[in-house]
Amino acid sequence: MKSLISIILIGILFSEILYSAPPKEIYLSARNSICLVSFYQNMASDSKIGSFDKIKKYRIGILVRPEGLVMVSNDVYPVSLDFVSSGGSLLSGIPTEFKVKMADGQEYPAHFLGKDDQARVAFIKMHSPRDDIHPFIEFVPTLNVEITDSIYTLELLAQNYNFSPLFTGHQINAIVESPQRKFLVNNFSPALSAGGLVLNRHGQAIGVMLTQAFDFTFMQPGDFEDFQKSYLEIAPSEWFMDLIKDPPNLQENQLSQKSWLGIQMQALTPELKEYLKVPQDGGIIINQVFPESPAAKAKLKIGDIILAIDDSTLLIKEDEQTAQLRNLILSYPPQEEIQLKIFREGKILQKKVKLTSAPKAIGLAESFPVPEWGFEIRELTRDIVYRDNLPLNTPGVFVYQVDRASPAGIGGLQIGDIIQEIDGREINDFTNGKEIISAHLSGTRQMHLLKVLSNHHTRFVFVDLRK
Amino acid sequence: MKLVNIFGIHNDMNNHNRKISRYIILGSLILGIILPLTSPAQDLQQRILDARNKVMPALVHIEPVRTVFSTGEKRHALVTGSGFIFSPEGYILTNHHVVENAEKVSCTLYNKKKLSAEIIGSDPSTDVAVIKLNLEEMGDETPPFVELGNSDSLEVGQFVLAMGSPLGLSRSVSMGVISSIDRYFEDSGMMISPYNLWIQTDAAINPGNSGGPLINLEGKVVGINARGVFMAENLGFAIPINLAREVAEKLQLGNSIRRSWIGLELQPVKELREYLDQPELQGVLIANLDPLSPGEKAGMKPGDLLLSINQIPVNANYDEDLPAIRKIITDLPVSQEATLEVWRNGKTRKFSVQPKPEPFIFQTEFECEDWGLVVKSLTRNIFEILGLADYDGVYISAVKNGEAAERAGLQAGDIIRSVNHTPIENLEQFKKVYQTLQEDPPRFAYFEVLRQYSPYFAAIDLHKVRADKSK
């Protein structure tokens with residue numbers, strides 16, 4: 001009897017291992033959770049301050065929760081949200097007028113919730129009747145995914161094919177572990193865009209398809225070879241599974257907090273190791289400590305060499321590998337206390353550092369459009385202060401947008417200028433700047449004198465409202 | 001000699017006067033007969049030909065062999081340009097951009113003779129360069145030379161000829177009028193011509209006659225052709241000869257021009273006048289003070305209105321007025337305190353400022369061959385783009401792929417601030433440090449460079465470099 005049970009059990013186990021769902025079944029069951037997302041990308045218009053040029057776009061959406069949570073590529077909103085993310089720098093407003101078209105043709109309005117540039121996903125929420133339950137995809141962990149595994153991709157074709165679904169069988173041809181784990185499929189050309197669903201042979205969702213980030217700068221050796229690639233990059237479910245449970249919400253200011261140490265770094269090359277007599281092959285040399293960052297508070301210094309963080313020894317010998325440390329820091333929750341092993345002037349030190357979340361980026365800063373003068377100002381956020389190496393207490397407001405045909409534009413105001421004085425009154429911060437400008441807007445003065453700072457140079461801009 | 005007789009002048013100094021008188025007699029005879037019969041058009045044609053004939057023999061075709069570093073690799077590029085002899089000693093005026101980074105210069109004269117020339121001096125700020133023919137190669141002949149005119153008396157609408165020598169033996173002439181005598185190119189960080197206005201002409205100026213003379217109908221040089229505008233028609237620009245003459249005189253004395261510096265960046269006063277509703281306001285607005293500059297040390301501030309320099313009143317209504325004021329400042333004697341009067345908050349104040357030599361000197365690039373590294377001295381352009389806080393260091397203009405510097409992580413665009421803990425102030429000093437390390441190399445050369453406001457550290461294993469080289 002016992003042996004019979006074990007045989008049955010083994011049989012079930014075997015069938016589980018060997019079982020591959022028929023592709024048609026996989027397609028049909030996943031199809032209903034793939035939707036077409038249309039929206040308007042709002043590019044800041046340089047002809048009218050405070051207004052946007054709308055561009056209609058389409059993306060593939062994946063329903064990830066029954067109440068109508070849809071996951072799309074993060075490129076729906078190409079703006080950096082914090083100091084450690086590179087989400088792009090296009091002047092863009094939050095995307096609007098989302099519509100989600102389901103496989104059955106039913107269409108629902110939706111709104112933008114938030115995005116995460118590390119996970120490269122964004123979330124939108126459908127406005128469907130409260131009791132509606134939508135067919136959704138559940139992602140599974142991918143630890144046992146291997147090269148040679150058969151997979152399926154489900155995408156939507158472009159507009160001239162009526163966004164019809166495209167189902168393709170592939171094989172995983174490569175798995176890249178660093179700087180982030182990714183699966184690659186060879187010889188691939190994408191259909192509509194990023195965001196397609198990736199399923200294993202059992203029909204379980206294991207990841208999403210990424211857009212290829214084309215970088216034409218060819219800064220690094222080998223960039224040109226990379227440019228010629230035609231791989232499908234797949235983000236494994238681990239990148240975003242936690243976000244599906246607790247999606248970022250821009251309106252409620254619940255953004256995914258990114259842990260931040262506050263340094264710039266380079267690798268400890270073998271030559272530097274020998275010259276500086278460092279007792280370890282590889283490490284991270286700190287070459288900038290941002291003021292008031294966790295690193296600055298822990299009194300880390302330029303020239304310090306980080307040998308290890310907690311139990312992870314840093315064996316980094318090339319600048320290309322420094323992303324490892326960045327990812328390590330990002331893997332900690334913000335507010336976590338970490339232990340750094342530091343080499344400084346021949347001695348080993350242990351430093352405890354309490355991480356914080358990365359400063360928010362200018363793209364998220366509060367804005368104040370001044371269409372009468374022809375510009376939009378924003379808070380001078382830390383990312384700009386750090387980027388331009390300005391003193392922390394630099395007074396002023398950041399010029400985010402300029403209408404070239406406006407009084408300010410004609411006067412020569414430029415995007416990126418920092419306005420420090422208006423008519424002789426110093427602007428300390430954003431609130432103060434708004435007050436001063438508002439007071440002027442109701443005044444009768446026809447000409448204003450702006451003292452601006454740009455690239456460490458001051459100059460004067462005359463805004464003549466009669467122009 | 002036939003050619004000489006046709007052109008008739010300056011070619012043979014001994015026969016000079018006799019020839020002139022012969023021409024005058026001949027000329028008056030011809031004129032006496034023809035003049036009553038000629039139309040104004042024929043008269044103009046004759047004047048053009050006469051002017052051409054006066055200058056043509058002094059035109060020089062210049063072929064500099066230029067050293068360029070493309071991705072750190074040393075290459076020689078052959079470029080061409082024009083120039084003109086302006087003295088019997090064989091001095092030639094041309095553009096800085098024609099002979100920039102040239103190691104050797106060869107010149108083809110009107111008589112097909114090819115002579116070598118040495119670079120006497122070159123000034124990027126005005127795009128003027130002086131080179132000198134090696135006259136020994138010419139034998140007993142004295143070179144023909146041009147007469148320099150007066151560019152201050154030019155008038156808009158006046159006829160001019162742009163001459164050049166685009167190819168070895170060919171000479172070209174194009175005609176036009178002076179379109180403008182006060183063209184200003186906005187200082188867009190490049191500071192292409194901070195000290196002068198340009199002569200604009202519709203006579204065709206192209207790469208071939210760049211460096212050649214712009215002449216009036218008396219055959220006198222009034223400008224040096226400097227640049228045309230790509231894809232634009234009838235826009236040529238020339239450097240006024242009065243400025244070129246002054247620069248040339250300084251270049252003939254020393255190798256480069258060191259201007260005086262007090263560190264002011266200027267803006268016209270016109271809008272401030274409207275803003276303050278004070279139409280009588282004169283002066284020039286100080287927009288910015290260079291860090292660590294004499295002006296900053298003296299206590300001058302952005303927003304001050306500069307009224308006079310050593311009691312010479314200054315006034316800039318428009319951008320076009322700025323070069324002349326910049327020039328007054330750069331011509332101040334370095335050793336003497338200057339008095340600058342400014343207007344601040346309704347009151348006038350005087351500042352005593354001791355000008356310094358400007359912190360930027362033009363020098364040719366320097367190649368550290370063993371390290372695969374090319375450096376040059378800082379320029380104002382580099383200083384402004386990188387937002388530097390001081391004037392120390394040398395700029396890495398190229399690194400050679402696969403060589404020590406590149407492997408150590410150094411990049412083009414970095415500023416070397418110290419080598420083996422010796423602070424690097426300028427190119428001269430860097431060369432000495434490099435030399436010392438070459439003669440007696442320690443194990444490592446350790447660099448501290450500045451990259452986007454942050455330090456970057458790099459070490460080159462000099463013993464390994466030496467071992468690799470001796471292989």
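1. The model is predicted, with local features needing pLDDT of at least 70 and side-chain atom pairs counting only at pLDDT 80 or more, while totals for chains, interfaces and linings use all residues. Residues are numbered from 1 along each chain as its sequence is written, and chains are lettered from A and ligands numbered from 1 in the order in which they are written.

2. In α5(B), the buried residues are B:Ile241, B:Leu243, B:Ala244, B:Val247, B:Ala248 and B:Leu251. Seen down the helix axis, the buried residues of α5(B) fall within an arc of 145° (taken from the directions from the axis to the C-beta atoms), so they line one face of the helix.

3. Between the chains, 22 residues of chain A are in contact with 23 residues of chain B, contact being C-beta atoms, placed from the backbone, that lie within 7 Å. On the side of chain A that touches chain B, β28(A) gives the most, with five residues.

4. In chain A, six strands close into an antiparallel barrel in the order β1-β2-β3-β6-β5-β4, where strands (E, at least two residues) and helices (H or I, at least four) are DSSP runs numbered from the N terminus, and two strands pair if DSSP finds at least two bridges between them. Strand β1 (residues 34-44) and strand β4 (residues 92-101) of chain A pair in the antiparallel sense over six bridges, and A:Tyr40 stands opposite A:Thr96 in β4(A).

Notes
Buried ≥ 20, exposed ≤ 12 C-beta atoms within 10 Å, placed from the backbone. Contact = placed C-beta atoms within 7 Å.
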